[in-house]
Structure formats: C-alpha cells, structure tokens
Amino acid sequence: MGIVKDKLKDIQVTDEPHPALREQLDETEAQFQIIARQWLDKERQLQELAQLIRSRDQQHQALAESLTAYQLKVEELEQGVATQKALIEAKDLQLQSQEIRLEDQKRQLREAASQLEAKAQQLSAVETYARELVESRAFRIGSAVTWPVRKLRHGQWRRHSFRLVAEPEISLMSAETQEAEAAGTTTPTQLLDEHVEKAIVREVKPVRNSGTMAIGVVTYNNEPAHLAQLLRSIELSASRLDEPDINLRLYSIDNGAEALWPESDLSLTHIASHGNIGFGRAMNLLMSEAFAEPETEWFLCVNPDGIIHHRALGELLSSSKAQPGSLFEARQFPEEHAKSYDPVTLETSWASGACLLIRREIYETVGGFDPNFFMYLEDVDLSWRVRAAGFSVKVSPHALFGHAVLEREYNPKTDATFLLSGRYLARKWKNSQFLRWAERELISRGHFRVKADLPPLPDPDTVTDSEILFVRPDFNNYFNFSSPRW
C-alpha cells in the first residue's frame, strides 16, 4: 500500500492524474482494505480456535483423571465384593452347622415330648379314675364297705401324683411347711391327704337344673354397635333354647362411659357405676346382685367385645346339667387359647373369663374373682381355687364365643398390666421364680425404672400349701399357665 501511494505521489508531482487510473487505484485500495480485514478476522478466529483446543485438552485431562479414580474405586469395590463373598460363604458354613445342631435338638425335643406325653397320659388316666372315685356318692360318704378300697386306691393315686409334681412344687411351700417337713412333723403327702379329705367331706347339694341364667357384662367405653351386636347374638341364642324352665336376665355395669344398649325383650339390670374398678371387682358386683335372687342358678361372664354363637347358651346349659360340679368355658373362635384340654374328659387347667359359666354352688363355695387383680389372670386364679375346692374346670366343646384378638396392636399399658397380674398371681400361689421373672420384665421392657418403683404387692387371700400341691399351678409355660397345644 505504501509503495502504491508513493507512486501516486510521484504521478501527481510529475504528471496530471488520469481519471481512469485514479478510479482503478481507488478500487485497488478498497480491495486491499477488505483483504486486510479478512486476514485480521482469520487471525482472531485462529486465536479463538487455539484457545478452544487448549480448553478441550484440559477437559480431556480432567476426564482422564476421573477415569483413573473411577477405575481405582471399581477395583476397591471388587475387592470388597470378594471379601463379602468370602464372609457369606463362611456364614453359610456356620448356618449349615447350626442347622445340623438344631435338627439334633429338635429330635431330642421330640423324644422328650413323647416321653412327657406318655407320662401325661398316665397321669390323666390316674386322675380320671381318682375323680370318678371322688365324685361317687359312696366315696364321699365314706361307708364301711368302700373305705378300705378307697383308702388303698386313693393312696396309690396320691403317690403317683406326688411323684410327678413333687420336684417342681416343693419350692412353692411356705417356710413353715418346709421347716415342719425338715423336722419330720409333716410331709407333702400328708398335706395332700388332708386336703383330699376336706374335699371328700364337702357337702353335696341337690342339683337344680332350672331357674335363671344371669348374663353379666362389664363395659368400658365400648361402641354402641359392638354392644348391639353382642345383644342381638344373645337374643338369637336365647331364641334357640329349648328349655322352658330356664329364664335369661342381663346384668351390666360400666367401668367407663355409660353404655348405650339398644332396646330388647331381655330383662336388663343396670348397676350404678363405681368408676374404673377393674374387671374382677365389677364382675363380682354383678354376681352378687344376680345370686341375691333365689331363682338364679347360673351366672355367665361375657366380654362386651365378642358375640355368642346361636347354640352357645344351650350347649353351656347342657354341659352344666351333665356335670354340675364343673366350671365351664366356651370355646373361642376364630382363634382359641393355646392352653391344652383333655379331648375325652374336657378338663382344662383354667377357664377363660371371656365366656365363663359359674354355677351357684361353685360361687357359694369359692366366691367370685380375687379383687386384687385389676385386669387379666383373675380367671386363672378363680379356676385354680375352684379346682382346689374339689370342683373341676372344663371346656364346653360345642359352645362357641366369637372373640377376635389377633389383630390387636401392642399396647405398653396392657403389657404392663399383664405382667403386674402375673407378679401378683405368683405371689399368691407362692412361685418366687415367676414373680422375680415378672419383675425383671417390668423393668427391662421400660414400664418401671428400677425395682423400687414397682407398686407394692397387696396381701393375697390365703392359699394353703396343701391346695398348691393339689392344684399344681403351672408357671412353666409363660402366660399359657398350661402346656400349649401348639
């Protein structure tokens, strides 16, 4: 460009400028300027491209470093997986070894169960014979004809019973009895003799198979729909009774809010509420009111959250008429208690208070529930006292009571009440091992902080050592208080 301009200056100096040449020079200069700008643009683009390449190189380097770190992590994970696999294989070997040991233990338990079942069958046969002998009129009177045979046979039954129960039960005797036994002045067999003699001389009252069946219900904030369902089931079962000499009467008391019963043709006696006094105390008030009526012969305890099968009342009455010296419970559905009962004699160690038939003679002899139980296990205690008095406790196999309990959620208050009742039951029936276990559970489950926080144990009604030996209360099967059926 500079050279061209110099030549133009020379031309201007030396010659007069030619118009065409001037125009051509201007065009050439314009083209040179365009080309210069294009080169500048290209140079700027090349610089940007170089910067982009440097940026890509840095990204590639970062990716390479990330890939290297990822590969290291993968290697670490593979090593961890290999270690875990080795541990799992070791655990599998341990589990296989434990399964083998468990199979051996199951086999041993089955053998032990078979032996126990054989012993239980032997004991049941002996007890059945003894019961038939005790319930016979000649045996109770003790005539000169039957006395020698009774003494001999009953002595054999006593020895068999004591041999089976002496080892776990001796520890239940009071300190005075143990001292007397150590001094040689008394023995468990003598205690059992004395108790059986008392049961023999118990007055046999004439059987009355007519009168009123009182049905007692203790409510606690139950929904009106549930009470209506229970009442309708009672009405239906009553309509199926073919017993012209039997009257039904309903008794109710509220431990919570006032219960709303629907209209019914059944006679309803409502006792004024004493507050939340517990199941046993409230049911005792109902029994006292019902048996104050001379025509009342039976009292049926019924839980408000259940239903009576349409044949249940008739089946319970039939069972009681056939065995008037027995406390009867209905079988619960859809799930039964796990406690066992004899499929032939129908005897069971205790009867549930959810649907429980009590005859007048039993009530007048034994009384109602122990009021020291606020809730739960009062039926176990009553059943043991009934058996100690020489009566029996049985299941009425065709009397059904609907009582669904499996869907209930865990309730800490209910759990604590169960354990407190179990603690008192063990105190009353002199089982220190179960008492200590219940106290440990009350603390370990967080219901109480330390033993000193536990409520004081009430003084129980007297249970004699001879009654304990006679009843043989079962504290070895958790809250079943009986050998379980499954």
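The model is predicted. In its protein chain there are 14 helices and 8 strands.

**The chain as a whole**

- The protein chain has 486 residues, and 38% of them count as buried.
- Among the contacts in the protein chain with a separation of 6 or more, 77% are between residues 24 or more positions apart.
- The accessible surface of the protein chain is about 28,700 Å², and carbon and sulfur atoms account for 54% of that area.

**The second largest pocket**

- The volume of the second largest pocket is about 1,800 Å³.
- This pocket is lined by 47 residues, of which Met 375, Tyr 376, Arg 408, Thr 414 and Phe 418 are the closest to its centre.
- By residue type, the lining consists of 18 nonpolar, 17 polar and 12 charged residues.
- Three elements each supply at least two lining residues: strand 1 (211-219), helix 11 (378-388) and helix 12 (412-428).
- Helix 12 gives the most to the lining, with 5 residues.

**Strand 8 and its partners**

- A residue counts as buried when its relative accessible area is under 20%.
- Strand 6 (residues 326-333) pairs with strand 8 in the parallel sense, over 8 bridges. In strand 8, Ser 396 is the residue that Ala 330 stands opposite.
- Strand 5 (residues 307-308) pairs with strand 8 in the antiparallel sense, over 2 bridges. Here Ile 307 stands opposite Gly 402 of strand 8.

**Asp 459**

- Asp 459 lies in the loop between helix 13 (432-444) and helix 14 (465-471).
- The relative accessible area of Asp 459 is 64%, and the residue is therefore exposed, since the cut-off for this class is over 50%.
- Leaving aside residues up to four places away in sequence, Asp 459 touches Asn 372, Tyr 424 and Arg 427.
- Asp 459 and Asn 372 are 87 residues apart along the chain, while their C-alpha atoms are separated by 8.5 Å.

Conventions
Residues are numbered from 1 along each chain as its sequence is written. This is a predicted model: local features need pLDDT of at least 70, side-chain atom pairs count only at pLDDT 80 or more; totals for chains, interfaces and linings use all residues. Side-chain values use heavy atoms; hydrogens and water are left out. Helices (H or I, at least four residues) and strands (E, at least two) are DSSP runs, numbered from the N terminus. Buried means under 20% relative accessible area, exposed over 50%, partly exposed in between (1.4 Å probe, protein chains only). Contact means heavy atoms within 4.5 Å. Accessible areas come from the Shrake-Rupley method with a 1.4 Å probe; for residues, only the protein chains shown count as cover. On a 1 Å grid over the protein atoms alone, a cavity is a set of points where a 1.4 Å probe fits but cannot get out, and a pocket is an open set with protein on both sides within 12 Å along at least five of seven lines; lining residues have an atom within 4 Å of a point. Grid points are joined across faces, edges and corners, and a volume is the space filled by probe spheres set on the points. Ala, Val, Leu, Ile, Met, Phe, Trp, Tyr, Cys and Pro count as nonpolar, Asp, Glu, Lys and Arg as charged, and the others, Gly among them, as polar. Two strands pair if DSSP finds at least two bridges between them.
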